[in-house]
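Thanks for coming. I have one structure to go through this morning, and I will start with the whole chain before turning to a few local details.

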Amino acid sequence: MRSASCLSVLGMAVMLGFWVNGSVGESICGAYAPGDIVIGILSSVHTDIKDLQPWILPDTSACINFDLVTFVQFLASIHTIEMINDSGFLPGLQLGYLMCDPCGHATKAVQCVEQMLSINGSLTVLSDYSNFCPTVKAFLGERYSETSIPVARLLSLHKIPQVACTSSAATLSNKLRYTSFFRVIPSSKYQAQALAKLIRHFNWDWIGVVSLDDDYGKDIYEQFMPHAEKQKICTEFHEVIPNYNNVKQRIQEVADIIRNATARVVVLFLRIHHVEMLFEEMIKTNTSRTWITSIPWSMSRFLMKMKGINKVGDIIGTTFITGKIPGFEDYLQNLRPRPGARNDLIMEYKQMRFNCSQQSQHTSPLACNMTDPQEANDDYLLQAVDVTEAYSQRVAVYAVAHAMKKLLQCNDTACSGDTNFMPYELLHILRKVNFTLDNQTYKFNENGDFDDGYDIMMWKKNGDERITEVVGKYLIKTGDVEIYKYKIPWTNTTVPLSKCSTPCPPGTEKNIYYISCCYNCTNCSEGYYSDEWDQLVCKQCPEGFWSLPGSRECQKWSIWFLEWSAAYSIVVMIGTVIGALLLVFSFIFYILHREKPIIKGILFISCLMKFGLMVSFGGEILFLGSPNIHLCRAQQTMYGLGFTLCVSCILVKALHIFLELMSSNPAKQRQLRKFDKPFVIIGILTASQALICIFWMIFDPVDVEEKQSKTQLLTLNRLCTQGFMYGFGAMHVYIALLAVVCFGLAFKGRDEETDPIVFSMLIHLFAWLCFIPVFITQYESRPIVQISGIMVSNYGVIFCHFTPKWFKILSEKAETLKAGKATVAPLTIDSDSGVISNFTSGSRESTHSIPQSRFSFAESEPSNWDIGSLHLSEASIASFRRRRQRSWRSRRLRPTSWNPTIRSL
């Protein structure tokens, strides 16, 4: 009988290529590679079927919703098979594979198996399947227990081994019903036990449960409840979500139940896309809970990257033990079928990823630049999926390969056994196989399961996303949960509270529901408090007081502003006083030396500059102390008008020098003299700034606001606002434009006379360019930034414009006194001092000549400004030109000469 059955193998092998490429095969088979021994792969790369309700014929259905997690797991199986072939693990033999996508539905999974086992499109019915010899010798999959269970029933009839990597339903451990089913993970009964002990470890005894209406959801819930009761855990609610119909509506109802429930811990026995829809509902209302994961979604990168995932709360649960597959990451980054193999799913993925015309959430930003999507590759799968989760696929393939190696009696060079073996022969060896992979020993227990245990994972926040970290283990052999507490970053730094019938401490309120002997304690909201045990409702904080969530008392707001006693305020006051004293000293000094040529022509303009700077310094003082709307208005307008007045005076000086140097033609000078109207210019420029300030205060007024500090708890920052920043920006831009014009005019005719203008304007512009980014980004530091900018600008003007003149005048006096005291010989010429002395018999007459080199400072030529109009006369201009030429000629002829005039601005 065995030989007769095996005769069909040859015919089936011949027809395999036609069958795979035939019309039926194309709709069923997603990937194929030839080999001496063929392994069937069931993998729900698509999670749903389009138009499920009118679906009648399975082979006419269209699968939708491409699942990257299952796709990567499927690729891990293919990669492992190819690595086994390349390594010569089965000498002289090649493993082939045939893959079918059940789309997450049990009926379609059965259809896939029938097609793989069929001969010439039909499945042979035998009275005794122990001698059934199909081409496919073993099956890998399926992902979901819902689809694995009917497949396991069918394959148990044919005695063909099936090895699953994620189907954990406890019923599959029943070897009387599922004879040929194996899995490289523990049964869900251990998962239920692990979850119950995990919940008890954190003293949570008041929870909610949401499960899926499929074989896995029903099974895990039935397994979980006895363990939960044993651990004295109460369940407030248990909600079931359908697997197919009215899913979204039901999830919305469940979301409302969770929001209104007192349980702060919710266990989810769901698939990934159901959890996604539930979390979306939670995020809409910023509902935060502690979520307990189950295996199907515990490692989902897709969920970890959901928008707003950090709003849902803490997430912790169990997952299968994971690992790294050698070479798999490189394989995913260079994805393409091997020669002789066909993989429609890789083609579909690349079309989805790199085809510009098929936009989806997985489409690459560079898709439209790709000429051939099938040749493109990137590392997207590594980013979107946790590839370590696919490690169980590697273990499953090697479990089958080790069993085959033993069955075929392989040594290092060849396999002597017959490749057309009966599947039940492989089944018997698989039950007893014991192998080592990646320094870890594996074997199936009497139920065909692995009993290595679980990793306990915590979803940690990573920016706007989540990442997983192992924070503990559950060992099946000991039945204990081991938690690494130092690795768990709870949202509020402490373990969340979810208990039944526990007294509510101060800072919480009691919510009583119609649940036997149970009530819930919730933290008081921000702005509310409770100062007694078991308080029904939190009290609202009185006006002027506030509290953080969960407070037992309210605290008075701490108001922050630049206090007079603060260190920075003291520095500002000292700087302002010093600046004001320098201005007063400069004013007195200029009055006392008003007849000096260096001052005489610019006395009034300099006084206006000092007045503007004094107003600007006064505005700085108004930034200190508790602000009010009047101070806010005054501080801005005083600086704006004061410094504008100062810069306008500097601009008049720069314009005067610029016009003077424009042309030596008297006729042209008369034309240029029309623009040299200093007081008109100063008045217009200052009045323009005044109009800006007036419009600012009317249409975009400043105000005082108290805003909660981002750096200090329970602190309000009392600051002046600048409205919508339009007026504030216009004021500063206007000053900056004046400064740029001053700089441009002075730089155009640059010499020693214009250096003070150039440097003072550079200091102002550079200071504000440095402070503007800080002003924009650091809201709480705005007063300090603006004060610093004003201080630097004011001192820049003082040290560039006034200080040099003090030094020049004082230096002249010192030189004059020194020359007057010197005793020299009759008619002695000292070339160094420039002193000429003439002695007679009865008397001594001395004439002192100050060398010109002693006065070669900036602004050392005479000014021809008329105090009334500050216009240049033609005579003075011509005289200035002649004197300037004679002065240079005399310098070439004599080492020193006496210049009776001093030029100044």
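Before the first number, a definition: I call two residues in contact when they have heavy atoms within 4.5 Å. What you see is a predicted model. Taking contacts between residues at least 6 apart in sequence, 71% join residues that are at least 24 apart.

Some totals next. The protein chain has 905 residues, and 52% of them are buried. DSSP runs give 25 helices and 30 strands. The exposed surface comes to about 41300 Å², with 58% of that supplied by carbon and sulfur atoms.

Now the interior. In soluble globular proteins, nonpolar side chains tend to be buried together. Here the largest nonpolar core holds 98 residues, and Phe71 and Trp291 have the most contacts inside it. The element that gives the most to this core is helix H14, residues 391-407, with eleven residues. Apart from that core lies another, of 63 residues; Cys693, Met731, Leu745 and Trp768 are among them.

Which residues does phenylalanine 71 touch, leaving aside neighbours within four places in sequence? Phenylalanine 71 is in contact with Val45 and Phe66, then with Leu335, Leu345, Ile346, Tyr349 and Leu381.

On to a helix pair. Helix H18, residues 603-621, packs against helix H24, residues 782-820, at an angle of about 160 degrees, and the axes are 10 Å apart. Angles over 145 degrees count as roughly antiparallel, so H18 is roughly antiparallel to H24. The crossing of H18 past H24 is left-handed. From H18, the contact is made by Ser606, Met609, Lys610, Leu613, Ser616, Phe617 and Glu620.

Last, one residue. Cysteine 632 lies in helix H19, residues 629-660. Is cysteine 632 buried or exposed? The cut-off for buried is under 20% relative accessible area; cysteine 632 has 1%, so this residue is buried. Not counting residues up to four places away in sequence, cysteine 632 touches Pro627, Val702, Asp703, Val704 and Cys720. Leucine 622 is ten residues from cysteine 632 in sequence, and their C-alpha atoms are 7.8 Å apart.

That is the end of the tour.

Methods. Residues are numbered from 1 along each chain as its sequence is written. This is a predicted model: local features need pLDDT of at least 70, side-chain atom pairs count only at pLDDT 80 or more; totals for chains, interfaces and linings use all residues. Side-chain values use heavy atoms; hydrogens and water are left out. Helices (H or I, at least four residues) and strands (E, at least two) are DSSP runs, numbered from the N terminus. Buried means under 20% relative accessible area, exposed over 50%, partly exposed in between (1.4 Å probe, protein chains only). Accessible areas come from the Shrake-Rupley method with a 1.4 Å probe; for residues, only the protein chains shown count as cover. A nonpolar core is a set of buried Ala, Val, Leu, Ile, Met, Phe, Trp, Tyr and Cys residues joined through side-chain atoms within 4.5 Å. Axes are lines fitted to C-alpha atoms, for helices over the stretch in contact, and angles run from 0 to 180 degrees between N-to-C directions. Angles under 35 degrees count as roughly parallel, over 145 as roughly antiparallel, 65 to 115 as roughly perpendicular and the rest as oblique. A crossing is left-handed if the near helix is turned anticlockwise from the far one by less than a right angle, and right-handed if clockwise.
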